[in-house]
Amino acid sequence: MSVLSVYHQNRPEQPLKVLTHHDDIAATLAEAGVRLERLDARAALDADAGPDEVLLAYRPQIDRLQAERDFASADVLRVTGNDRQQNELRARFLEEHRHAEDEVRFIVAGRGLFSLRFGELVYAVLCEKGDLLTVPAGIRHWLDMGEHPHLVAIRLFRNSEGWSAEFTGDDIASRFPRLED
Ligand SMILES: CSCCC(=O)/C(O)=C/O
Ligand SMILES: [Fe+2]
Ligand code: NI
């Protein structure tokens, strides 16, 4: 179930509101220019399927998005378990950053908590399998996957080089709730 919690940036201990209905969440995010959509994520895949298998299994969804929005590349981010490499990935996305292009992420397994800043507000949206999240370019944000990450996401880029980000150096994420396992 997706969940949206809206906070004032100085009061991370007390959300101003919490929404749990997908339509309410999508409508609230849309007011801020963020799109949350649902896609079919029921492809039969082994738990350890590699990036090529994931991209092949979701080719119809990717092709449709590519036709609508003209992406130049796609990759698969898989973060599962908590070995050193996974912990490094978790730590990297927990640092507040922004991108020069929209962040377009299709969650095909597991879940992740995206926290987005709009003025003095922080919108923390828990995304799960089947969610397609589009965050406009330039929005400051971070992502938590919890202490035992389980997240597989297809990432779509306009940039043929793939993922690139500018880290803001702001430690706001350290004051906000993490994704609970
Ligand atoms: C769920 S996609 C993983 C992380 C990522 O690419 C990003 O930019 C998070 O903000
Ligand atoms: Fe990002
Ligand atoms: Ni799973």
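A polar side-chain atom of histidine 141 lies 3.0 Å from an oxygen atom of ligand 1, a polar contact being a pair of N or O atoms within 3.5 Å; within protein, one must be able to donate a hydrogen and the other to accept it, and residues adjacent in sequence count only if both atoms are side-chain atoms. The protein covers 100% of the 320 Å² of accessible area that ligand 1 has on its own, with areas taken from the Shrake-Rupley method and a 1.4 Å probe; for residues, only the protein chains shown count as cover. This is a predicted model in which local features need pLDDT of at least 70 and side-chain atom pairs count only at pLDDT 80 or more, while totals for chains, interfaces and linings use all residues. Residues are numbered from 1 along each chain as its sequence is written, chains are lettered from A and ligands numbered from 1 in the order in which they are written, and side-chain values use heavy atoms, with hydrogens and water left out.

Which residues hold the iron ion (ligand 2)? His97 (NE2), His99 (NE2), Glu103 (OE) and His141 (NE2) coordinate the iron ion at 2.0 to 2.2 Å. Donors are N, O and S atoms within 2.8 Å of the metal (3.2 Å for Na, K and Ca); water is not among the atoms, so sites may look incomplete. Along the chain, the donors are spaced as H-x1-H-x3-E-x37-H. Histidine 97 counts as buried because its relative accessibility is 2%, and glutamate 103 is buried at 5%. Buried means under 20% relative accessible area, exposed over 50%, and partly exposed in between (1.4 Å probe, protein chains only).

Now turn to the strands. Helices (H or I, at least four residues) and strands (E, at least two) are DSSP runs, numbered from the N terminus. Strand β7 (residues 121–128) has six of its eight residues buried, so the rest of the structure largely encloses it. Strand β1 (residues 3–8) runs antiparallel to β7 and is joined to it by six bridges; two strands pair if DSSP finds at least two bridges between them. Valine 3 stands opposite leucine 126 in β7. Strand β6 (residues 103–118) also pairs with β7 in the antiparallel sense, over eight bridges, and glycine 112 has cysteine 127 in β7 as its bridge partner.
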